[in-house]
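Please report on the helices of this chain, their packing and the residues around the ligand.

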Amino acid sequence: MKKTVLLNVILGMLLLSFVTIACQNQVIEEAEPEHIVAVKGLAESMYYMQVYSHKLLLAVNHENLELADFYHHELEHIAEDIIDFIPEYGGQPIGELTKSMLMPILDDFEDAVEAEEVNWDEIRNRARLIIRSCNACHDATGYAYIKMPEETDMNPFLQVFEPID
Ligand code: HEC
């Protein structure tokens with residue numbers, strides 16, 4: 001008799017944890033595979049944002065407008081996916097914060113890149129502001145220890161950042 005009760009308790013706990021896991025994944029499962037956050041979740045999407053921000057800084061250092069624009073769009077895609085698919089994470093309003101803290105800064109960068117008269121000081125400045133905004137959100141969400149430098153000339157990638165012509 002006691003064994004049956006114990007077995008029922010264990011089965012109940014197992015069922016509960018399956019339900020919890022299923023609920024946690026629900027938001028992500030609704031997404032199409034082309035949405036990076038659907039496949040990767042938040043931490044890995046952040047990793048991609050870090051790589052693309054790094055490459056964006058390197059492209060800006062080399063005054064490579066096309067490449068800087070390319071990485072800006074990659075960042076924008078991930079940010080949009082986070083807004084659409086991760087409204088909340090660890091009790092923090094991640095979607096809303098991405099919308100209010102990061103998106104306007106990415107839009108400003110885009111304006112600078114698409115301006116008729118290219119002003120590299122302005123573009124450099126707005127690139128730094130992107131990183132500052134990443135760090136500010138880490139501050140706001142209790143991850144201040146994840147901090148990126150606003151400038152770098154370190155190229156660990158097998159990639160040329162100078163304009164190709
Ligand atoms: C909405 C707030 C927010 C914004 C905006 C944000 N982050 Fe994050 N970031 C987080 C949170 C929360 C975590 C912790 C995620 C976890 O616990 O899995 C994180 C984790 C990370 C990590 C650790 C994961 C790793 O692979 O090392 C990196 C790097 C990172 N973010 C980079 C960035 C970059 C680059 C940007 C800007 C382009 C950015 N983040 C913008 C909230 C934010």
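Glu 80 is partly exposed, because 16 other C-beta atoms lie within 10 Å of its own. A residue is buried if 20 or more other C-beta atoms lie within 10 Å, exposed if 12 or fewer, and partly exposed in between, with C-beta atoms placed from the backbone. Glu 80 lies in helix α3. This is a predicted model: local features need pLDDT of at least 70, side-chain atom pairs count only at pLDDT 80 or more, and totals for chains, interfaces and linings use all residues. Residues are numbered from 1 along each chain as its sequence is written.

**Helix α3**

Glu 76 is also placed in helix α3. Glu 76 has 17 other C-beta atoms within 10 Å and is therefore partly exposed. Other positions of α3 are buried: Leu 67, Ala 68, Tyr 71, His 72, Leu 75, Ile 78, Ala 79, Asp 81, Ile 82 and Phe 85. An α-helix has 3.6 residues a turn, so residues three or four places apart point the same way.

How far apart are the end C-alpha atoms of α3? They are 30 Å apart. The helix covers residues 65–85, 21 residues in total, and at 1.5 Å a residue it should span 30 Å, so the two values agree. The expected span is 1.5 Å times one less than the number of residues.

The table lists C-alpha to C-alpha distances.

| Pair | Separation along the chain | C-alpha distance |
|---|---|---|
| Glu 76 and Met 103 | 27 residues | 7.4 Å |
| Glu 80 and Met 103 | 23 residues | 8.3 Å |
| Leu 102 and Glu 76 | 26 residues | 9.1 Å |
| Pro 156 and Lys 55 | 101 residues | 9.8 Å |

Pro 156 sits in the segment after α5. It counts as exposed because it has 9 C-beta neighbours inside 10 Å.

**Overall fold**

The chain has 5 helices and 0 strands. From the N terminus, the order is α-α-α-α-α. Helices (H or I, at least four residues) and strands (E, at least two) are DSSP runs, numbered from the N terminus. Of the 165 residues, 21% count as buried. Among contacts with a separation of 6 or more, 56% join residues 24 or more positions apart. Two residues are in contact if their C-beta atoms, placed from the backbone, lie within 7 Å.

**α4 against α5**

The axes of α4 and α5 come within 9 Å and cross at roughly 170 degrees. Axes are lines fitted to C-alpha atoms, for helices over the stretch in contact, and angles run from 0 to 180 degrees between N-to-C directions. The two helices are therefore roughly antiparallel to each other, a term for angles over 145 degrees. By class, their contact has 15 nonpolar, 1 polar and 3 charged residues. Ala, Val, Leu, Ile, Met, Phe, Trp, Tyr, Cys and Pro count as nonpolar, Asp, Glu, Lys and Arg as charged, and the others, Gly among them, as polar.

On the α4 side, the contact includes Leu 97, Met 101, Leu 102 and Ile 105. On the α5 side, it includes Ile 130, Ser 133, Ala 136 and Cys 137.

Is Leu 102 buried or exposed? Leu 102 is buried, because it has 22 C-beta neighbours inside 10 Å. Leu 102 is found in helix α4. Not counting residues up to four places away in sequence, Leu 102 touches Ala 79, Ser 133 and Cys 137.

**Around the ligand**

Of the 23 residues around the ligand, Ala 43, Met 46, Tyr 47, Cys 134 and Cys 137 come nearest. A residue is near the molecule if its C-beta atom, placed from the backbone, lies within 6 Å of it. The elements that give two or more residues to this shell are α2 (36–61), α4 (94–114) and α5 (120–140). The largest share, 7 residues, comes from α2. The shell divides into 17 nonpolar, 6 polar and no charged residues.

**A positive phi**

Glu 63 is in the loop between α2 and α3. Its phi is positive, about 45 degrees, although Glu 63 is not a glycine. Glu 63 is partly exposed, because 15 other C-beta atoms lie within 10 Å.

Key
Parallel < 35°, antiparallel > 145°, perpendicular 65-115°, else oblique.
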